[in-house]
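Good morning, and thank you for making the time. Please bring up the model on your screens, and we will go through it together.

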Amino acid sequence: MALRNAVMAALLQGEASGYDLAKAFDATVADFWMSTPQQLYRELERMEAEGLVTARVVEQKRRPNKRLFSLTEAGRTAIHAYTAEPLGKPAVIRDELLVKVQCLDAGDMEAVRTAIAERTDWATAKLARYERLRQRLLDGRSEEAYFAEAERIGPYLTLLRGMAFERENLQWGDMALRRLEQRTAALRADG
């Protein structure tokens, strides 16, 4: 998947500045796509040159002027074409933490334990952010009511997937920490 597809998905929410899109990536699509602000701005420039987005300048008094981007008809056509394409291979996990866990028996077990604990803390914080976003999307409605009434359900479905991913990270992290504690206790008893 190209960054442009994730940008177009974010712009389905409506007109946004590059800054707004960068924040939206952190809040809404970070569970399935990561991008730096620099990559995002470069992609917006390319997309504008290709006619997928248009930008208008908003003058501001106390801040620099900002550019607000929106999808063009060509951009909406590109989204339709993209969603019709067959999927590529399933995503693969490329996680440095898992490489360190694989090596922990010959490495610094305490450092790996600390890394796992940090990852579970990060997953807890991310899950809390996702829950706040979920509550904003639901706006007091049940999920059934949301699915029946909402104009767009894709963002909610991807949010649920991100939440499930972070819950699994927490479950695995808790289990791994328990097993490392057991191993450490066993090594001390033998030592």
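Confidence in this predicted model, given as pLDDT (the predictor's score for each residue, from 0 to 100), is lowest in helix H2, residues 18-29, with a mean of 75, and highest in helix H7, residues 143-149, at 97. The protein as a whole averages 90, and 95% of the residues score at least 70. Because the model is predicted, local features need a pLDDT of at least 70 and side-chain atom pairs count only at 80 or more, while totals for chains, interfaces and linings use all residues. Residues are numbered from 1 along each chain as its sequence is written, and side-chain values use heavy atoms, with hydrogens and water left out.

Let me turn to helix H3, residues 37-49, where Leu 40, Glu 43, Leu 44 and Met 47 are buried, meaning under 20% relative accessible area with a 1.4 Å probe and protein chains only, whereas exposed means over 50%. Seen down the axis of H3, these buried residues fall within an arc of 105 degrees, taken from the directions to the C-beta atoms, so they line one face of the helix. On the other side of H3, Glu 45 and Ala 49 are exposed.

How values were computed: Helices (H or I, at least four residues) and strands (E, at least two) are DSSP runs, numbered from the N terminus.
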